[in-house]
Amino acid sequence: MNRIHSPLTPWLLLLPAMVLLLGFTHYPAVATIWHSFFSTPKGANPAVFVGLENYALMIDDPVFWRVLTNNIWFALGTIPVSIALAIMMALWVNDRLAGRGLLRMAFFTPTVLPMIAVANIWLFFYTPQYGLLEQVTQALGLPSHNWLGNPNTVLGSMMVVAIWKEAGFFMIFYLAALQQISPTLAEAAGLEGASRWQYFWRVQFPLLMPTTLFVLINALINSFRLVDHIVVMTKGGPDNASSLLLYYIYEVGFSFWDSSYAAVLTVVLLLVLALVALVKFRILDRRTHYQ
Amino acid sequence: MRRVLLKSMAALAVSTAFGVAPALAANPVEVSLYYPVAVGGPVTKTIDGMVAEFEKQNPDIKIKAVYAGTYQESIVKALTAYKSGTPPTIAVLLSTDLFTLIDENAIVPIDGLASTPDDKKWIGGFYKSFMENSQTGGKTWGIPFQRSTIVMFWNKNLFKEAGLNPDKAPANWAETVSYAKKLTKADANGNVTQWGVKIPSTGFTYWIFQGMTTPNDTILMNSAGTQTYFDKPGAVEALQYWVDLSAKHKVMPSGVIEWGTTPKDFLEQKAAMVWTTTGNLTNLRANATFPFGVAMLPANKHPGSPTGGGNFYVFNKTSPEQQKAAMKFIRWATEPQRAAQWSIATGYVATRPDAWETPEMKKYLQEVPAAGVARDQLQYSVAELSTHDNQRVTKALNDNLQAALSGTKTPEAALKDAQREATRILRSWQR
């Protein structure tokens, strides 16, 4: 048996992970920032250094601001609701009740369905006149509405689809966390005469905090990462009312072939995600109680 | 034993190398073909069948047909492949991608490859309106393959119910409004249960808009693709008409109407008249439970519709042998008889007048006279909107058209904004 204790050994052991991390995370990020300072190469014209010109272009771009505002509304609208729903569903299916497995499956189904197919189904839910939603509202005698065709309702309609998809996914994490909570706590609370609400609010919810944090970060990232429903259901329309940052990046990159401007927009996305990570590690983590 | 086995294996190898190979060719030229699927029906099977037949007749050429998704996905794949140095030899892409492909230096002009007088005659044999999006700067860059126009479908039963002649579609804008008023029905609460007309406004908003600017004698861009004329009075008038259908006449739902659900609206009998591509003909014929008609788009100053659909392009960075083989295939695939077969199988318009003279096509037209409408409309057709930086210019127009349709801008303001944006984008091409 040869035992080599060289200072190189730890580095060699780290190498495979480092290569992956550098190749798929750090290099693309740095390259994106680098490319954002150049013009887009086109045909015979190579890329030239333009400094901050692309950034100035972005500040002037009304579509960018529209898309960013949409995205912030989208995050504010979807995250709290989907997390609250996820906790409620998890508490429900954590109880001993008949058909629990079936219920869990029903809640989780939206997560495993391919999004493109689901978006197509939702497209018909929202269809005016004979869509599912319309049939319900018509039965109630409410007026007909063109949900996806109206700039005032399209973003809200897209949020509903996102919540429907996300809540089931987050429920799984909450369910796992709930089952980690020791039953002695429930017994103790019972002995003390705590109500169900008190038990949830004083015991369960604080103990779920690490999960909530994890889910929150995921939800934030997802809300800036969403693109598939938009492609199928609205293509960002009408008049950019439902366009989000990533969809706009795709449009600029692969419809307009303006790779430099797409790089600038990607830098913004990177900054947003970096900020999310920073808030998580620097602030939220310290205030979270881990068991 | 082992030796015998080895010997027989060697023999087998030799016989494969010398026995079978010469029946094919020593070194067949490999040609790759990217194609999209944009309408219903077994398009992939049809293409595979065509390729197999071509290979049988031309054993020295091997075609690798690759299904590349929608038109949008196909150009992303083709251009990405081109930029990484391994382009397809041939790709079927939108005719409106012409300038994008030229600006990327991604395609070669067809005239350079097809230069004999016979070739010239072949290029001259396509419908003129299909060539408008295939030629620029005196060169031919694309060959029309799966091309279409916009047509109007109408529900004969609903026409009869409304007391209209079921065999006569509205011929012009004014008639469309008066017919549509009779065809729009509401329930006791005032909710509309049946709309007179539905004109989709997502996906190809600019294209549908051209279905109104063309009959209003207005062209939206120059043939060099460097200028747009979005805010011309004729265009504003056309958009006003479109907006009025819902805002003033209340015969069309307000807001934006989804392209993808429009054929379904028609099949569900929720819309008595719809506008869509002639490529939906086969789909509607297969699924409609009521008799329907196909008509040219209603006229205003004259009839008219833009052309649409895809062309064959030959890519740069491919070998001269490949390009020659590509040319041979493209020519073969657009021969009158093949063009007729393709049109019958898919619903696209056969791209050459002589294709309509083939016995197959004549027989098909007798069975499905509606298939001829798109062709008859060609004489009034103009090129689909296509400029340099096409996607960006198109988006500027689409966004503003949707803004007008959803009531956030007046038609005039919307088209002014679109024109300003387009001028800004095209600035560098006007020098």
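Predicted model: local features only at pLDDT ≥ 70, side-chain atom pairs only at ≥ 80, totals over all residues.
A residue counts as buried when its relative accessible area is under 20%. By that cut-off Asp265(B) and Lys198(B) are both buried. Chain B contains 19 helices and 11 strands, and it touches chain A through 35 of its residues, which meet 29 residues of chain A.

**Chain B as a whole**

- The radius of gyration of chain B is 24 Å, close to the 22 Å from the globule rule for 431 residues, so chain B is as compact as a globular protein of that length.
- Along the principal axes, the C-alpha atoms of chain B fill a box of roughly 90 × 55 × 45 Å.
- Buried residues make up 57% of the 431 in chain B.
- Of the contacts in chain B between residues at least 6 apart in sequence, 74% link residues at least 24 apart.

**The interface between chain B and chain A**

- The two chains bury about 2700 Å² between them, and 53% of this area is on carbon and sulfur atoms.
- Asn191(B), Arg392(B) and Lys395(B) account for 20% of the area that chain B buries against chain A, more than any other three residues.
- Between chain B and chain A there are 11 residue pairs in polar contact, with both residues at pLDDT 80 or more.
- On the side of chain B that touches chain A, the elements giving two or more residues are α3 (71-83), α4 (98-103), β8 (192-198), α12 (262-267) and α18 (390-405).
- That side of chain B has seven nonpolar, 15 polar and 13 charged residues.

**Salt bridges across the interface**

- The whole structure holds 22 salt bridges over all chains, and two of these are between chain B and chain A.
- Glu251(A) and Lys395(B) form a salt bridge, with their closest N and O atoms 3.3 Å apart.
- Glu251(A) lies in helix α12 (residues 245-255) of chain A and Lys395(B) in helix α18 of chain B, so this pair joins two chains.
- Glu251(A) is buried, because its relative accessible area is 10%, and Lys395(B) is buried with a relative accessible area of 10%.
- Glu251(A), Lys395(B) and Asp399(B) belong to one network of salt bridges that share partners.

**Salt bridges within chain B**

- Asp265(B) and Lys198(B) form a salt bridge at 3.0 Å, N to O.
- Asp265(B) is in helix α12 of chain B and Lys198(B) in strand β8 of chain B, so the pair ties together parts 67 residues apart in sequence.
- Lys264(B) and Glu268(B) form a salt bridge, the closest N and O atoms being 3.1 Å apart.
- Lys264(B) counts as partly exposed at 35% relative accessibility, and Glu268(B) counts as partly exposed at 34%.

**Asp103(B)**

- Asp103(B) sits in helix α4 of chain B and is buried, because its relative accessible area is 13%.
- Apart from neighbours within four places in sequence, Asp103(B) contacts Lys42(A), Gly43(A), His388(B), Asp389(B) and Trp429(B).

**Helix α15 of chain B**

- In helix α15 (residues 336-346) of chain B, the buried residues include Arg338(B), Trp342(B) and Thr346(B).
- The buried residues of α15(B) pack against α2 (43-57), β6 (143-155), α13 (281-287), α14 (320-333) and α16 (359-367) of chain B.
- Gly347(B) follows α15(B) and has a positive phi, near 100°.

Technical notes:
Residues numbered from 1 in each chain as written. Chains lettered and ligands numbered in written order. Heavy atoms only, no water. Contact = heavy atoms within 4.5 Å. Buried area = accessible area lost by both parts, 1.4 Å probe. Salt bridge = Lys/Arg side-chain N within 4 Å of Asp/Glu carboxyl O. Polar contact = N/O pair within 3.5 Å; in protein donor to acceptor, adjacent residues only side chain to side chain. Helix = DSSP H or I, 4+ residues; strand = E, 2+ residues; numbered from the N terminus. Nonpolar A, V, L, I, M, F, W, Y, C, P; charged D, E, K, R; others polar. Rg over C-alpha atoms; globule rule 2.2 N^0.38 Å. Buried < 20%, exposed > 50% of the residue type's maximum accessible area, 1.4 Å probe, protein only.
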